[in-house]
Amino acid sequence: MRPETDSTAIWRDAVRAAKAFAVAPERLGGLRILGPAGGVRDAYLSLLRSLLGGRFSERRLPPSGTEETLLGGTDLAASLEAKRLVHRRGLLDQDVPILLVVPMAERVSEGVAGILARSLDEPGRAPLVYIALDEGRGLDEAMPAALADRLGLTVDLREIARLPCEDLPGVDVVDAARVQLPRVEVPEAAIQALCAGGVALGIGSLRAPLQAVTLARASAALDGRGLVADEDVAFAARLILAPHATMAPTPEAASPESETDADPDPDASPPDRRGEEAAAEAPPGQGVPDMHDIVIEAARASLPAGLLSKAGVSSRKGKRRQGKSGASRKSGRRGRPLASRPGAPAQGPFDLLATLKAAVPWQRLRAKGFGASRRIAFGRGDIHIRRYRERSESLTIFAVDASGSTAAQRLAEAKGAVELLLADCYVRRDQVALIAFRKAQADVILPPTRSLVRAKRLLAEMPSGGGTPLGLAIAAAADLADTATRNGLSPTIVFLTDGGANTTRDGTADRARAESEARLAARRAATLGSRILMIDVSRRDRPFAREISTLLDARYVKLPRSDAASLAMAVGLHTGQR
Amino acid sequence: MDAMRIAYPFSAIVGQDEMKLAVLIAAVEPSVGGVLAFGDRGTGKSTAVRGLAALLPPLKAVAACRYGCDPDAPESLCSECRERSRAARAKTRLMPVPVVELPLGASEDRVIGALDLEQALTRGVKAFEPGLFAKANRGFLYIDEVNLLEDHLVDVLLDVAASGENVVEREGLSVRHPARFVLIGTGNPEEGELRPQLLDRFGLFVEVTTPTDLAQRVEVVRRREAFENDPGAFQDAWRADDARLRQKVLAARGKVATVAVSDDVRILAARLCMAVGTDGLRGELTLLRAARAVAALDGASDVSVATLVRVAPMALRHRLRRDPMDEAGSSVRIERALSELLAEAASAPASFGVRA
């Protein structure tokens, strides 16, 4: 199904994307580059720079960038020095066209992402484009949605280990294409195909198809053509639609039956639950199916791997995050006040009183240095900022045994409990996540959320049946808890199982090995120091469940006949939330 | 490329009828108290607000005023302008209708204003540095992802939006200045919900969904593409439509105060609110205000039942008592109640005289 996806082809696409981006940077808004820091990415960046040919002045967002870094503010030190207001310009507050490089885009805070996103749309400002360097691995480390939605064009350099030896394009081709761009004609069929492709891939936003049309236009302009052709549309589908896909265009890879269908347009029927299927199929007129096929095929070939197995569910088979320095969220501007500390106002709200207090003892001494011209002489070190201790949000992770015959009932209980807890979350602002384990997998069915709407939708799709890979489940839950801790949440894990481990990591039914795996995972998970609750729902007494919960340093509760309400209550009691 | 970006024409927006109607109502009758638009990303929520602001005629403002006071409305002047107007007739300037966006990470200082640090430290003067509220005066304050905003900020926002005045009492400052703006909040319910206590303080609630009809999606993309390809020409093509709409809004503003509401319509509104179980009187008030604004936009001299039916979902759907486990949409409940009431009224015309 996947045509050539070797690194040469990927690189060729990437280079073409760079050229197309240089043709219409303002219209595309930006470019998102996936991949680790390294030679390939550096080479790509310098290619982009040379293609843009100095039309933008480049800035780089410091990783610690705040609202003030972006929008500007008072330069306090300089203001004190000059005795007048010295305004420091923000990175976005410029009159010249700006190219802002956003490193580590997956760690950008929601607030900064919000400003970046809004600035792109703001009418009446100088041109602005972004290059986001996204080093995220997996779904729990993604760029904030507000930004990801606006940066359609996505270049994936992760599969390229070495730079292919190829001549890099020159600026002249870009210049010619820029002139050609507005004259390119986009056929109706191309717009329809890209829009329908967006629907089939589960992309709700209309920005993606719009940018795809623009990219197709730029691609045609690059070749000096006056009409968007099939290859342009396919290119746009690969680089814009595929990376934003939230579901595969056909259920569970491609089912072979659909190929034998007499319908010349099998791919036009996406597995759409909301009845958009009919809309996708009906309107395209003659000739459209061809282009529509092209879009779907192109997108399918470059879909993120996880999507093909199960739409919208992140499979975490043995995937571990690399240890990154545990930056948590900034100490907020709310909560219980702590003592003020010296610091720059950019780091927190300014505390005038504490600043004065700090300056007062030195006045006599400083009067000599500054002269008597000032009533109060301040130094940079006097400036104090207020700090607050914020109660960190709690995250309850349910790891639910979805194995075997009784799974359906237990799952229903767990789902009920999740929904009950979520219903309370309006008030408490806490989050809930759910992992289901069965066969040889432990899937995060519900990534940390406080949204009831989303939870209900995802819970409805939960699968069940198969063996019990307890070790895998413990590892996955610990993993999620670890990630959550890094994001400033305080996680509690709730295991809901009958306590048996009978399936190993690789899916073989070997009780002895499965149990030793579970012990190992439990010992490792215990080192995280999260609160853990083990709810044993089996009718019989199993010593193994007790053993594991001791290893986990968990509290063990036996609830053979649990229902959603008592489950929610047990969790509430354990986490001290009720 | 050096051309400054221009706003996408309001009349060229495809679909999103409810969102467009809601912002038009707010532009005609700001006292409805803000619009909350919940729904998918990339569906043109901010485009609608920006387009509408660009369509409205520029405002006359006191030239020296930091809050953009209206020289022709003496009762709404800020204290500084009052001082000035006592001395002499103030110079005026024209300014476009402001659209201020509140970034998600904005601090309280930045929103409500704060002590002017520079003046405090370098000259020892206690001065007020206006925040975003001041900037948004007489225009729109647009908040993306209002559901992710810190709760205390949302409290302040709603309070100021309702009172039309920003009162700052902090750091030894005591300032009050006019802050009359139309609050537009947006959000995606998939990313967290707004505290229910805050929900019903927004006047209108619209659900914005990405168009599911392919033809409509194609049309959105086609127009937007044409706009980006040549913004100037696109704007010219829609200028006449925008001008017509501007006239409609201006006429409606002049007329809205005189739109009559018959007792029948009032009774229907009250019965509807009782039937769906909204808390308090705010629902009825907003419902009638919104209905009057729509009637004024339509050029009608009184509110018809059809108009009331048209605005009822957006005025009421967020005020229903809700059970978090209840899946049934609130719009459905309102429509059900409406059709029952109308059927009842039709069968007993003598008692109410209400006809759909």
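**Notebook: strand β12 of chain A**

I began with pairing: in this predicted model, strand β11 of chain A (residues 394-401) runs parallel to β12(A), the two being joined over seven bridges. To place one point of this pairing, I looked up Ile397(A) and found it opposite Ala433(A) of β12(A).

I then turned to the other partner. Strand β13 of chain A, residues 441-449, pairs with β12(A) in the antiparallel sense, over six bridges. Here I noted Ile435(A), whose bridge partner in β13(A) is Val444(A). The hairpin of β12(A) and β13(A) has two residues between the strands, and I recorded a positive phi near 45° for Lys439(A) in that hairpin.

My next entry concerns burial. How many residues of strand β12(A) are buried? I found that eight of the eight, residues 431-438, are buried, so the strand is largely enclosed by the rest of the structure.

I also asked which residues lie on each side of β12(A). In a regular strand, side chains alternate between the two faces of the sheet. On one side I listed Gln431(A), Ala433(A), Ile435(A) and Phe437(A), and on the other Val432(A), Leu434(A), Ala436(A) and Arg438(A). These residues are all buried, and both faces of β12(A) are therefore covered.

Last, I looked at chain B as a whole. I counted 15 helices and eleven strands in chain B. Of its 356 residues, 47% are buried. For contacts in chain B between residues at least 6 apart in sequence, I noted that 74% join residues at least 24 apart.

Conventions:
Residues numbered from 1 in each chain as written. Chains lettered and ligands numbered in written order. Predicted model: local features only at pLDDT ≥ 70, side-chain atom pairs only at ≥ 80, totals over all residues. Helix = DSSP H or I, 4+ residues; strand = E, 2+ residues; numbered from the N terminus. Buried ≥ 20, exposed ≤ 12 C-beta atoms within 10 Å, placed from the backbone. Contact = placed C-beta atoms within 7 Å. Pairing = 2+ DSSP bridges.
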